[in-house]
Amino acid sequence: ILLLISAKVEMLMMDLDIIKREYQSRIGKLYLKDDQLDLEIIRYKNIKSLLEKGYSYDDAIKKINEKYYAEKKIFDEKIQYILHDEETLSKRDTLKTHTQQDIKKLWKKLLFQLHPDLTTQSEEKKKREMIMKKINDAYTENDFEKLKNIENQHYVEPIEQTSIEHLEKTIGDIEQTIWNLEEKNQQLRASEWYTWRKKSQLAKKRKKDIFKELEEHLLEDIVRKMTIVNTYKKEFDQKGYY
């Protein structure tokens with residue numbers, strides 16, 4: 001039961017992670033660009049307002065830029081995460097030396113051997129959590145060879161004979177873990193990304209691109225805001241501020 005629920009939850013997590021990465025690389029990046037343009041427009045508006053109040057251009061820039069650059073730093077950090085998602089998805093598209101079924105089969109085999117919830121020993125659990133992250137990364141990237149290397153590097157010792165008391169404790173721990181995983185499964189199914197996954201699966205059946213319409217709408221908004229920013233730049237340039 002623990003093996004089955006572990007595989008079920010882990011697979012759902014992987015599917016949701018992939019749809020989240022795709023969303024971030026296609027839609028999240030556009031939303032970020034849209035927000036950056038909003039910030040840029042507000043910056044120009046505030047500078048213009050200060051100039052109208054009699055501030056010099058240099059003083060207006062000093063007053064505005066401290067807050068502007070703090071927010072810009074946040075945008076820069078977010079874009080790094082999105083670039084990482086794009087890189088992962090790119091690897092997933094290029095590494096197709098084996099079928100998805102082969103990769104899934106090997107991933108599941110490693111999960112059944114090395115999943116951290118399958119041990120009650122704290123040190124072993126920590127070790128397996130690190131290994132499981134590598135396994136999931138390889139699965140996300142469609143990298144069969146990486147999964148194979150993990151299989152060759154790690155061997156799980158068979159369970160040794162132990163006392164009845166220890167077995168009873170182990171069973172209790174396993175039952176608690178199963179309950180925790182069932183709860184986690186419900187949380188995942190209630191998440192925003194589960195809804196996107198369902199929409200994506202339905203769209204694929206209809207041979208449609210779930211993100212295309214939203215992409216087009218955001219691109220139109222971005223072009224409109226870029227025009228506003230360029231108008232401000234032209235105005236400031238004409239007044240000799242640059």
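**Before selecting**

This is a predicted model, in which local features need pLDDT of at least 70 and side-chain atom pairs count only at pLDDT 80 or more, while totals for chains, interfaces and linings use all residues. Residues are numbered from 1 along each chain as its sequence is written, and side-chain values use heavy atoms, with hydrogens and water left out.

**The cores**

Select Ile47 and Phe236, the residues with the most contacts inside the largest nonpolar core, which has 31 residues. A nonpolar core is a set of buried Ala, Val, Leu, Ile, Met, Phe, Trp, Tyr and Cys residues joined through side-chain atoms within 4.5 Å. Buried means under 20% relative accessible area, exposed over 50%, and partly exposed in between (1.4 Å probe, protein chains only).

Next, colour the elements that give two or more residues to this core: helix H1 (2-52), helix H2 (57-94), helix H6 (164-189), helix H7 (192-205) and helix H8 (212-238). Helices (H or I, at least four residues) are DSSP runs, numbered from the N terminus. H1 supplies the largest share of this core, 15 residues. A second, separate core holds 17 residues, including Met14, Leu106, Trp107 and Leu147.

**H1 with H8**

Two packed helices are described by the angle between their axes and the distance between the axes. Show H1 and H8, whose axes come within 9 Å and cross at roughly 25°. The axes are lines fitted to C-alpha atoms, for helices over the stretch in contact, and angles run from 0 to 180 degrees between N-to-C directions. H1 is therefore roughly parallel to H8; angles under 35 degrees count as roughly parallel, over 145 as roughly antiparallel, 65 to 115 as roughly perpendicular and the rest as oblique.

The crossing of H1 and H8 is left-handed. That term applies if the near helix is turned anticlockwise from the far one by less than a right angle, and right-handed applies if clockwise. The residues of the contact between H1 and H8 comprise 17 nonpolar, no polar and 13 charged. Contact means heavy atoms within 4.5 Å. Ala, Val, Leu, Ile, Met, Phe, Trp, Tyr, Cys and Pro count as nonpolar, Asp, Glu, Lys and Arg as charged, and the others, Gly among them, as polar.

While H8 is displayed, select Thr227, which is found in this helix. With 46% relative accessibility, Thr227 counts as partly exposed. From Thr227 to Glu52 there are 175 residues in sequence and 23 Å in space, C-alpha to C-alpha.

**H1 with H4**

Now show helix H4 (122-140) against H1; their axes come within 11 Å and cross at roughly 55°. H1 is therefore oblique to H4, and their crossing is right-handed. On the H1 side, select Glu10, Met11, Met14, Asp17, Ile18 and Arg21, which meet Met132, Asn136, Tyr139 and Thr140 in H4. By class, this contact has 5 nonpolar, 2 polar and 3 charged residues.

Centre the view on Arg21. Is Arg21 buried or exposed? Arg21 is buried, with a relative accessible area of 13%. Apart from neighbours within four places in sequence, Arg21 is in contact with His84, Asp85, Thr88, Leu89 and Thr140. Glu86 is 65 residues from Arg21 in sequence, and the two are 7.3 Å apart in space, C-alpha to C-alpha.

**H3 with H5**

Move to helix H3 (residues 100-114) and helix H5 (residues 144-153), whose axes come within 10 Å and cross at roughly 25°. H3 is therefore roughly parallel to H5, and the crossing is left-handed. The contact is made by Asp102, Ile103, Leu106, Trp107, Lys109 and Leu110 of H3, together with Phe144, Leu147, Lys148, Ile150 and Glu151 of H5. These divide by class into 7 nonpolar, no polar and 4 charged residues.

**Two loop residues**

Select Asn142 in the loop between H4 and H5. The phi of Asn142 is near 60°, a positive value in a residue other than glycine. Asn142 counts as buried at 6% relative accessibility.

Finally, select Lys207 in the loop between H7 and H8. Lys207 also is not a glycine, and has a positive phi of about 55°. At 80% relative accessibility, Lys207 counts as exposed.
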